[in-house]
Structures are given as structure tokens and as C-alpha cells.
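Colleague: I am new to this structure and would like to go through it step by step. Please take my questions one at a time.

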Amino acid sequence: MINGIINVYKEKGYTSHDVVAKLRGILKQKKIGHTGTLDPDAEGVLPICLGKATKVCDMLTEKDKVYETILLLGKITDTQDITGTILREQEVTCSKEQVTKAVIGFVGTYNQIPPMYSALKVDGKKLCDLARAGIEVERKPRKVTIFSIEIIEIALPRVKMRVHCSKGTYIRTLCHDIGEQLGCGGCMETLLRTRVSEFELKHASKLQEIEERVKNFWEKNPQVELSKEALQELIKDTDYVFRQYPSVSVKSEYAKLLYNGNPLKIEWITKWQKEYKDTILRIYDQKQSFIGIYQWNERQKEIRPIKIFME
């Protein structure tokens with residue numbers, strides 16, 4: 001079984017589940033998970049976790065993201081994007097200056113009402129399923145943070161933007177809300193996700209590229225099991241997403257306690273520093289095999305595991 005993370009370029013027409021299903025077939029491996037859905041018409045970065053790295057899925061879903069989108073003003077749809085049924089069309093009379101002011105006004109934290117056409121659940125039912133049945137329910141606003149918006153181009157009625165935002169932000173809802181603010185309405189015309197945490201668009205691989213790489217490997221090595229090393233340019237180690245945290249290793253005499261998932265004592269750590277008490281730590285054994293992420297527990301005076309990824 002391969003353990004690691006592939007930075008996939010999700011193309012138009014695929015759901016995130018489609019990507020997972022196709023990779024299961026390509027890699028001949030069942031234990032695969034994605035890190036947050038992208039709409040079928042959206043494109044871009046979709047980190048896919050393999051094997052024990054699937055434990056990272058929820059953590060990557062929590063990370064901030066960067067998108068490029070085109071806001072189409074003067075058109076309101078039921079899905080808040082161009083694929084939906086048009087509910088209202090209106091002439092766009094606002095100036096570029098007014099558009100700029102409205103867009104920049106959304107930088108910061110604001111309460112966003114999730115769209116009906118989304119995978120969120122209310123009373124156990126997906127909002128999108130209710131929407132398709134013609135049922136609209138009340139949705140509670142959720143706090144989201146727009147860290148920055150860069151206006152790339154204004155060619156009214158279209159506004160091209162680069163948005164850096166927190167988890168849970170719906171870009172089509174942001175487009176809708178900007179349109180409402182301007183009084184002419186608006187919807188999302190295109191969406192490209194360019195970054196999720198450490199994973200960037202320029203390093204993303206399309207499914208066909210991955211499939212060709214695997215096919216070439218098996219043509220040359222028909223009797224050899226596919227491994228992470230064979231796809232080393234495509235697959236990142238699990239600890240890649242935790243590079244922002246300090247790494248420490250456990251002394252070899254305590255290896256058995258480490259492998260059994262026990263909390264760790266300071267004296268077991270090689271080159272302990274007092275500032276490690278204030279951050280999450282990447283823990284390795286003496287062979288530099290990644291074990292997991294841990295954090296100091298002041299009450300117990302020990303370093304406790306948050307998640308263990310030991311292979």
C-alpha cells in the first residue's frame with residue numbers, strides 16, 4: 001500500500017469523488033480520500049491522500065485556500081454560479097471604482113449563508129438534494145474569513161479576482177454577495193483553485209498524466225509492486241503538510257514506547273528546546289521515519305500524540 005499525498009489537478013466535469021474512484025483504479029489501491037470537494041465545473045488543486053495519509057484529510061480540509069474566479073455581474077441564478085437557472089437579470093450600471101470598493105469591502109471576517117446547492121447537511125439531508133427537490137430551508141450564517149482579494153481585471157460585467165480565504169468559504173456565495181452589495185446581482189462564472197495549504201497549481205498533475213506514469217512503470221516492471229518510490233515526483237510524504245512545525249527525534253532506547261503510541265517524556269527527546277512546549281511537533285524515530293504530530297501537555301508534563309501516521 002502506498003502512503004502519501006498526490007497533488008491532483010481536478011479538471012472540469014469530474015467530481016472530487018470521481019477523482020478518488022479513478023485513482024483507485026489507476027493505483028490499484030482502495031484506501032484513498034480527498035481533502036474537500038470541488039464542484040464539477042471547478043478546476044484546480046485537489047490533494048488526494050493515500051493509505052495512512054488519509055488521516056490528514058480532515059486536517060487539509062481545515063487549511064486556507066486560494067482561488068481565481070470570474071464574477072459575472074447582472075445575473076442571479078439559483079446555484080449562485082453560471083450553471084444554474086437564471087432567476088433575474090439586470091443591467092450593470094456601476095463604475096469600476098464602485099466595483100472595486102464593494103469587492104475590497106469583503107476582506108475580513110463576515111457571516112456567509114451557505115448556498116442551497118451545497119453538500120452541507122440539515123437534519124441529515126444534503127442541501128443540494130433538498131434544492132433539487134424544490135425545497136428551500138433556512139441556513140444559519142457561518143463566519144468565514146477573506147484574507148485578501150486581488151482584483152486581476154475589471155471588464156464589466158465581469159470581474160476577475162484572486163481570493164485567499166479560510167475553510168468553509170463558498171466563492172460562488174461571495175460572488176453572489178458582492179453582486180447584492182452592488183445592487184445588480186451577480187454569480188460565479190469560473191473557478192480555479194490554485195492552492196491548498198502547501199499544494200500549489202504549478203505542481204498539480206492531471207489524472208491522465210498519473211495514469212501514463214503508472215502504465216509506464218508496469219510496462220517496464222511487470223512483476224514489481226507499485227511503490228511510492230516509483231512515483232516519487234508525484235507523491236509527497238505525509239509529513240509534507242506539517243513542515244511549518246519543528247521536527248524532533250526520539251532516542252533509540254525509547255523506540256518501543258514510541259512505536260506503541262505512548263506519551264513521550266522530555267528526556268526521551270534528542271536536543272529538546274523549551275520553546276517546543278508552545279507548538280505542535282513532528283516526531284521521528286532515530287531512523288528519521290515519521291511517527292506523527294504531538295503536542296506538549298502542561299498538566300501531565302508530557303508530549304502527547306495528536307495523530308500517529310507511523311507506517
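**Cysteines, a helix, strands and rings**

Modeller: The model is a predicted one. Let me begin with a cysteine: cysteine 175 has a relative accessible area of 0%, so it is buried.

Colleague: How many disulfides does the structure hold?

Modeller: A disulfide is a covalent bond between the sulfur atoms of two cysteines. For a pair to count, the sulfur atoms must lie within 2.5 Å. Cysteine 94 is in no disulfide, as the nearest cysteine sulfur, that of cysteine 184, is 4.4 Å away. Cysteine 175 is in no disulfide either, with the sulfur of cysteine 187 nearest at 7.8 Å, and the number of disulfides in the structure is 0.

Colleague: Is cysteine 94 buried or exposed?

Modeller: A residue counts as buried under 20% relative accessible area. Cysteine 94 has a relative accessibility of 10%, so the residue counts as buried.

Colleague: How far apart are the end C-alpha atoms of helix 5?

Modeller: Helix 5 covers residues 171-182, which makes 12 residues. At 1.5 Å a residue, the helix should span 16 Å. The distance in the model agrees with this: the end C-alpha atoms are apart by 17 Å.

Colleague: How many of the 12 residues of helix 5 are buried?

Modeller: The buried residues of helix 5 include Ile171, Leu174, His176, Asp177 and Leu182. Cys175 also belongs to that list. Helix 5 is largely enclosed by the rest of the structure, because the number of its buried residues is 10.

Colleague: Which residue follows helix 5?

Modeller: The residue after helix 5 has a positive phi, near 85 degrees. That residue is glycine 183.

Colleague: With which residue does the side chain of arginine 172 make a polar contact?

Modeller: Arginine 172 is found in helix 5. Its relative accessible area is 5%, so arginine 172 is buried. At 3.1 Å, its side chain makes a polar contact with the side chain of aspartate 39.

Colleague: Turning to the strands, how many residues lie between strand 10 and strand 11 in their hairpin?

Modeller: Strand 10 and strand 11 (residues 158-165) run antiparallel and are joined by 8 bridges. Across this pairing, glutamate 153 stands opposite lysine 160 in strand 11. The two strands form a hairpin, and the number of residues between them is 2.

Colleague: In strand 10, which residue is the bridge partner of threonine 109?

Modeller: Strand 7 (residues 108-112) pairs with strand 10 (residues 142-155) over 5 bridges, in the antiparallel sense. In strand 10, the bridge partner of threonine 109 is threonine 145.

Colleague: Which residue of strand 12 is the bridge partner of valine 66?

Modeller: Strand 4 (residues 65-73) has 8 of its 9 residues buried, so the strand is largely enclosed by the rest of the structure. Strand 4 runs antiparallel to strand 11, with 8 bridges between them, and leucine 72 stands opposite arginine 158 in strand 11. Strand 4 is also joined to strand 12 (residues 186-196) by 9 bridges, again antiparallel. In strand 12, the bridge partner of valine 66 is arginine 195.

Colleague: How many aromatic pairs does a search of the whole structure find, and why is the pair of tyrosine 254 and tryptophan 268 classed as it is?

Modeller: The search finds 9 aromatic pairs. In this one, the ring centres of tyrosine 254 and tryptophan 268 are 4.9 Å apart. Planes under 30 degrees apart count as stacked. The planes here are at 10 degrees, so the pair is stacked.

Colleague: How many residues apart are tyrosine 254 and tryptophan 268?

Modeller: Tyrosine 254 lies in the loop between strand 15 (247-249) and helix 7 (255-259). Tryptophan 268 lies in the loop between helix 7 and strand 16 (280-284). The pair links distant parts of the chain, and its residues are apart by 14.

Colleague: Which of these two residues is buried?

Modeller: At 23% relative accessibility, tyrosine 254 counts as partly exposed. The value of 11% means that the buried residue is tryptophan 268.

Methods:
Residues are numbered from 1 along each chain as its sequence is written. This is a predicted model: local features need pLDDT of at least 70, side-chain atom pairs count only at pLDDT 80 or more; totals for chains, interfaces and linings use all residues. Side-chain values use heavy atoms; hydrogens and water are left out. Helices (H or I, at least four residues) and strands (E, at least two) are DSSP runs, numbered from the N terminus. The expected span of a helix is 1.5 Å times one less than its number of residues. Buried means under 20% relative accessible area, exposed over 50%, partly exposed in between (1.4 Å probe, protein chains only). Rings of Phe, Tyr and Trp (its six-membered ring) pair if their centres lie within 6.5 Å; planes under 30 degrees apart count as stacked, over 60 as edge-to-face and the rest as tilted. A polar contact is a pair of N or O atoms within 3.5 Å; within protein, one must be able to donate a hydrogen and the other to accept it, and residues adjacent in sequence count only if both atoms are side-chain atoms. Two strands pair if DSSP finds at least two bridges between them.
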